[in-house]
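Trainee: I have a new model open and would like to learn how to read it. Could you walk me through it?

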Amino acid sequence: MGQKDNHIDKHMDEYIKEISEKIDGKRKYYAEISNKIWEYAEPRFQEYKSSELLRQSLKEEGFSVRSNLAGEETAFIAEYGSGKPVIGFLGEFDALPGLSQKADATERIPEADHANGCGHGCGHQLIGTGTLASVIALKDFMKEHNLKGTIRYYGCPAEENAGGKAFLVRDGYFNDCDLALCWHPEQGRRACYGSTKANFRVFFTFHGTPAHASMCPELGRSALDAVELMDVGVNYMREHMIDEARIHYAITDTGGDAPNVVQSRAQVLYAIRAPKITQVKELYNRVCNIAKGAALMTETTVEIRQVAAYSNLISSKILADHMNAYLEKLGPIPYTEQEYAYAQKFQQALSDQDKKQLPTIARDYFGSKAAEAMKPPIFEPIAYQNLYSDLKYSTDVGDVSWIVPTVHLNIPTFAAGTALHSWQAVAQGRSTIAHKGMLYAAKIMALTAIDFLQNPELADEARKELTETLNGETYPNPLPGDLKPEIW
Ligand SMILES: [Zn+2]
C-alpha cells in the first residue's frame with residue numbers, strides 16, 4: 001500500500017479488533033446457520049429453505065430485502081446504508097447432487113434420510129453464512145463509526161451447473177455496484193489474483209425415427225448413432241484446439257435400454273471451457289457444426305439448447321492487495337490439538353491418488369514454503385500473493401468481475417488435500433475447522449470493505465484499474481437474451 005494509505009495502516013489493528021469481536025461474539029449463531037444449510041443441502045434453483053434462512057437473518061438485522069430476481073426464485077439482495085460506494089458481497093448456498101454424506105465420517109456413508117441425495121461438497125453453506133457474518137459485522141461497524149456507503153448481500157443461487165450470477169448480471173442487478181467481494185473454501189489462504197476458465201453448458205438433443213432393429217432397421221434413423229458420431233467428431237477436434245481448452249460431455253439420454261429398438265431420441269450435455277469467453281464462443285460454434293454434421297450423417301435432426309455460461313474471472317489487484325494486507329496482519333487461523341487430529345484423520349482417509357497429489361498442491365500454492373506448509377494437516381501459510389495463474393475451474397463470479405471490480409478470497413476449511421466436490425469435503429463441512437475458516441473469511445472481507453468505505457476514492461481507482469485491464473473489451477454477455485434460469 002502507498003503513502004496515502006497510511007491512515008489505513010495505522011488503524012488496521014483497531015479495525016481487526018472491532019470486527020473480530022463482532023464476528024466471534026456470534027460464533028455459535030453462525031455455526032448453527034451454516035449447519036442448517038448443510039443439512040438442507042438444496043441443489044441449484046431449489047435453495048428455498050437456505051435462501052429463506054439467510055433472508056430472515058438479514059431482515060432481523062435491519063437490511064431491506066428484495067427477492068425473486070432475474071427469474072430466480074431463490075435469489076435476493078439485502079441492502080444496508082445509502083450512497084456511494086456500493087459494495088456487493090456474493091453469497092452462495094447451493095449443494096451438489098449425489099454427494100449426501102454423514103458428517104465427520106472418514107468413509108463414504110450417504111445420509112440415509114437425505115431424500116434428495118445432495119451434499120455440500122463445495123462448501124457453499126460456509127460461503128453463504130460467512131458472507132452473512134461479514135455484512136452484519138460491517139453494518140454494525142458502519143453504524144458505530146457513522147460511515148457512509150451501501151453494503152449489499154447478493155444471494156446468488158445455483159453457482160453449480162447453472163451459473164446463477166450470469167442471469168443477475170444480464171438483468172442489470174450489478175449495474176450500480178462499485179465493488180464485489182466473495183470467498184471460497186480452498187487449500188490455502190490468499191486473495192486470488194488469477195483468472196478462471198470461461199464455460200458454456202449446452203444440450204444437444206437428437207431426434208430420429210424409431211423402428212424394430214431387426215425386422216425393419218432400414219426404416220429407423222438412430223438418434224443414439226448421432227450422439228456417438230458427434231462425440232467422435234468432437235474428440236477428433238481436440239487435436240486442433242488450444243491447449244488450455246477443455247471439453248467434456250455426459251450422455252444424458254441414451255434413447256432407452258432396448259437394443260432391439262432404434263433409438264428415436266438421444267441427448268448429450270457438453271461443457272466447453274477455455275481461458276476466455278470469446279474462445280469458448282468460437283469452440284461452441286465448431287461443436288455446433290459437428291452436431292449438425294452428425295445429424296446430416298444419420299438423417300436425424302438436432303436441437304441445440306445452451307443452458308448456462310460462465311465468463312472468465314478478471315481479478316482486481318487493488319482489492320487483492322488490501323485483502324492480502326489483512327491476511328498478513330490477521331495471521332494463520334489458530335487450531336486446537338483436537339482439530340489437527342481431526343484433519344489428520346481425514347488426510348489419512350484420502351485416496352492414494354489424492355495423497356500423491358499433496359506435495360504438488362503444496363508446491364503450487366506455497367512454492368519454496370511447500371515443505372513447511374506440509375507439516376500440519378491443514379495448510380497455514382499465505383499462498384502466493386501475486387499469483388496470476390489461469391485457474392482450471394470455472395465460477396460465475398467471473399460474470400460479475402467483468403462489470404464490477406471483484407476480488408475472490410480463498411480460505412482453507414478442511415484437511416489439506418481434500419478435493420472440492422468430494423464426499424470428504426461434505427463430511428468436514430460441519431467441523432469447527434470449517435466454521436473457523438468461514439468466520440476468518442468473514443473478517444477479511446469486512447476489513448477489506450472498511451478500507452474502501454473509509455476511502456471512497458479507492459473504489460474509483462479500482463474502477464480505473466478494471467477499465468485498463470479490459471483494454472477496450474466489453475462484457476461479452478454469454479447468455480442468449482431470452483434464456484430463463486431453469487432446473488434441468
Ligand atoms: Zn463452489
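Mentor: Gladly! This is a predicted model, where local features need pLDDT of at least 70, side-chain atom pairs count only at pLDDT 80 or more, and totals for chains, interfaces and linings use all residues. Residues are numbered from 1 along each chain as its sequence is written, and side-chain values use heavy atoms, with hydrogens and water left out.

Trainee: Which strands does helix α6 lie across?

Mentor: Helix α6 (residues 223–237) lies across β7 (198–207), β8 and β9, and runs at about 20° to β9. Helices (H or I, at least four residues) and strands (E, at least two) are DSSP runs, numbered from the N terminus. Axes are lines fitted to C-alpha atoms, for helices over the stretch in contact, and angles run from 0 to 180 degrees between N-to-C directions. Contact means heavy atoms within 4.5 Å. Helix α7 (residues 277–298) lies across β7, β8, β9 and β10, at about 10° to β7.

Trainee: What is the strand order in the open sheet?

Mentor: Strands of a sheet pair through backbone hydrogen bonds, either parallel or antiparallel. Here the order of the 4 strands is β8-β9-β7-β10, with antiparallel pairing; two strands pair if DSSP finds at least two bridges between them. β8 (246–253) and β10 (301–310) are the edge strands with a single partner each, so one side of each has no neighbour in the sheet. From one strand to the next, the twist averages 20°.

Trainee: How many bridges join β7 to β9?

Mentor: There are 10 bridges between β7 and β9, and R201 has A271 of β9 as its bridge partner. β8 and β9 (residues 265–274) pair over 7 bridges; in β9, Y270 is the partner of Y249 and I272 that of I247. Because 9 of the 10 residues of β9 are buried, this strand is largely enclosed by the rest of the structure. Buried means under 20% relative accessible area, exposed over 50%, partly exposed in between (1.4 Å probe, protein chains only).

Trainee: Which protein atoms are the donors of the zinc ion?

Mentor: C122 (SG), H124 (NE2) and H184 (NE2) are the protein donors, 2.1 to 2.2 Å from the zinc ion. Donors are N, O and S atoms within 2.8 Å of the metal (3.2 Å for Na, K and Ca); water is not among the atoms, so sites may look incomplete. C122 lies in the loop between β3 (86–92) and α4 (124–145) and H184 in strand β5 (residues 179–185), so the pair ties together parts 62 residues apart in sequence. Both C122 and H184 are buried.
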